[in-house]
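Dear colleague,

Here is the structure you are taking over, followed by notes on what was found in it. Please look at the sequence and the coordinates before reading on.

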Amino acid sequence: HSSMSLAGDPIIYVDGVLRPTWTVDSFVSHDLEAIEVYHGYTQTPGEFLRPSFGLRPCAVVSIWTRPG
């Protein structure tokens, strides 16, 4: 079976870059500037959708870190 499916796992972005192996546990809270959570395909902004993956995410988590 060649199609990728994340089932209930969210897709993680860090500073706008897809990080498929990272989790929200990969960070220390003082390193974070913001966390955005988008539920489902229709609520997710286009820049966080990857149609080439052949999936519709159940959620996208976008993590923004503090500069420096």
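**Contacts and overall layout**

Among contacts between residues at least 6 apart in sequence, 66% join residues at least 24 apart. Please keep in mind that this is a predicted model. The protein has 4 strands and 0 helices, and along the sequence the pattern reads β-β-β-β. Of its 68 residues, 28% count as buried. The accessible surface comes to about 4700 Å², and 53% of that belongs to carbon and sulfur atoms.

**Confidence**

The average pLDDT of the protein is 78, and 78% of the residues score at least 70. Where in the protein is confidence lowest, and where is it highest? The lowest mean is that of β1, at 89, and the highest is that of β3, at 91. Over residues 1–6, pLDDT stays under 50. For that stretch the model has 5 contacts beyond four places in sequence.

**The sheet**

The 4 strands form an open sheet with mixed pairing, in the order β2-β1-β4-β3. β2 (17–18) and β3 stand at the edges; each has a single partner strand, so one side of each is left without a neighbour in the sheet.

The pairing of β1 (residues 11–14) with β4 is parallel and runs over 4 bridges. Two positions show how these strands face each other. Ile-12 stands opposite Val-61 in β4, and Val-14 stands opposite Ile-63 in β4.

β3 and β4 run antiparallel and are joined by 7 bridges. Here His-39 stands opposite Ala-59 in β4. As for cover, β4 is mostly covered, with 5 of its 7 residues buried.

**Ser-62**

Ser-62 is found in strand β4. Is Ser-62 buried or exposed? Its relative accessibility is 0%, so Ser-62 counts as buried. The side chain of Ser-62 makes a polar contact of 3.0 Å with the side chain of Trp-64. Leaving aside residues up to four places away in sequence, Ser-62 touches Tyr-13, Ala-34, Ile-35, Glu-36 and Phe-48.

**The loop between β3 and β4**

Thr-44 lies in the loop between β3 and β4, and Glu-47 lies in the loop between β3 (32–39) and β4 (59–65).

Thr-44 counts as buried because its relative accessibility is 6%, which is under the 20% cut-off. The side chain of Thr-44 reaches the backbone oxygen of Gly-40 at 2.7 Å. Not counting residues up to four places away in sequence, Thr-44 touches Tyr-38, Leu-49 and Val-60.

Glu-47, on the other hand, is exposed, because its relative accessible area is 54% and the cut-off for exposed is over 50%. How far apart in space are Glu-47 and Val-17? From C-alpha to C-alpha the two are 10.0 Å apart, and in sequence they are 30 residues apart.

**Aromatic rings**

How many aromatic pairs does the structure hold? There are 3. One of them is formed by Trp-22 and Phe-27, with the rings 5.7 Å apart centre to centre and 55° between the planes, which makes the pair tilted. A pair of aromatic rings is described by the distance of the centres and the angle of the planes.

Regards

Conventions
Residues are numbered from 1 along each chain as its sequence is written. This is a predicted model: local features need pLDDT of at least 70, side-chain atom pairs count only at pLDDT 80 or more; totals for chains, interfaces and linings use all residues. Side-chain values use heavy atoms; hydrogens and water are left out. Buried means under 20% relative accessible area, exposed over 50%, partly exposed in between (1.4 Å probe, protein chains only). Contact means heavy atoms within 4.5 Å. Accessible areas come from the Shrake-Rupley method with a 1.4 Å probe; for residues, only the protein chains shown count as cover. Two strands pair if DSSP finds at least two bridges between them. A polar contact is a pair of N or O atoms within 3.5 Å; within protein, one must be able to donate a hydrogen and the other to accept it, and residues adjacent in sequence count only if both atoms are side-chain atoms. pLDDT is the predictor's confidence in each residue, from 0 to 100. Rings of Phe, Tyr and Trp (its six-membered ring) pair if their centres lie within 6.5 Å; planes under 30 degrees apart count as stacked, over 60 as edge-to-face and the rest as tilted.
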